[in-house]
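The sequence and the structure come first.

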Amino acid sequence: MMIPLLHHGMYIVGLPFTAEAMNRTRTGGTPYGASHFAGSRGDARLSDDERELAQLLGRRVAEVAVAVRTERG
């Protein structure tokens with residue numbers, strides 16, 4: 001699915017393996033982005049690692065958005 005997105009000028013922002021939580025987590029988060037599996041009953045809570053990765057991804061997306069806006073004036 002990335003090819004059509006790139007074709008239309010979209011940016012792909014993922015999570016780096018340098019993020020400590022990426023190497024610690026056993027419950028969610030991949031290089032493709034933040035993730036969480038709530039379980040069949042929806043009762044599994046976010047882990048601290050999942051929360052950290054979601055915040056990191058948010059910061060990375062915001063930084064890219066600011067850089068693109070600054071670049072385009």
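Helices are DSSP runs of H or I with at least four residues, numbered from the N terminus. The model is predicted.

**Salt bridges**

The structure holds four salt bridges. A pair counts when a side-chain nitrogen of Lys or Arg lies within 4 Å of a carboxyl oxygen of Asp or Glu. Side chains of opposite charge can pair when their charged atoms come close.

| Pair | Closest N to O distance |
|---|---|
| Arg24 and Glu20 | 3.7 Å |
| Arg51 and Asp48 | 3.9 Å |

Take Arg24 with Glu20. Both sit in helix H2, which spans residues 20-24. They are four residues apart, so about one helical turn separates them. Arg24 is partly exposed, at 40% relative accessibility. Glu20 is exposed, with a relative accessible area of 58%.

Glu52 is partly exposed, its relative accessible area being 36%.

**Arg51 and Asp48**

Where do Arg51 and Asp48 lie? Both are in helix H3, three residues apart, or about one turn of the helix. Arg51 has a relative accessible area of 39% and is partly exposed. Asp48 is exposed, at 63% relative accessibility. Elsewhere, salt bridges that share partners join Glu20, Arg24, Asp49 and Glu52 into one network.

**Thr25 in the loop**

Thr25 lies in the loop between H2 and H3. Is Thr25 buried or exposed? Its relative accessible area is 8%. Buried means under 20%, so Thr25 is buried.

The side chain of Thr25 meets the backbone at two places, described next. One of its polar atoms lies 3.2 Å from the backbone nitrogen of Thr27. The Thr25 side chain also reaches the backbone oxygen of Gly28, at 2.8 Å.

Which residues does Thr25 contact, leaving aside its neighbours within four places in sequence? They are Asp49 and Leu53. Asp49 is also a member of the salt-bridge network with Glu20, Arg24 and Glu52.

Methods:
Residues numbered from 1 in each chain as written. Predicted model: local features only at pLDDT ≥ 70, side-chain atom pairs only at ≥ 80, totals over all residues. Heavy atoms only, no water. Helix = DSSP H or I, 4+ residues; strand = E, 2+ residues; numbered from the N terminus. Buried < 20%, exposed > 50% of the residue type's maximum accessible area, 1.4 Å probe, protein only. Polar contact = N/O pair within 3.5 Å; in protein donor to acceptor, adjacent residues only side chain to side chain. Contact = heavy atoms within 4.5 Å.
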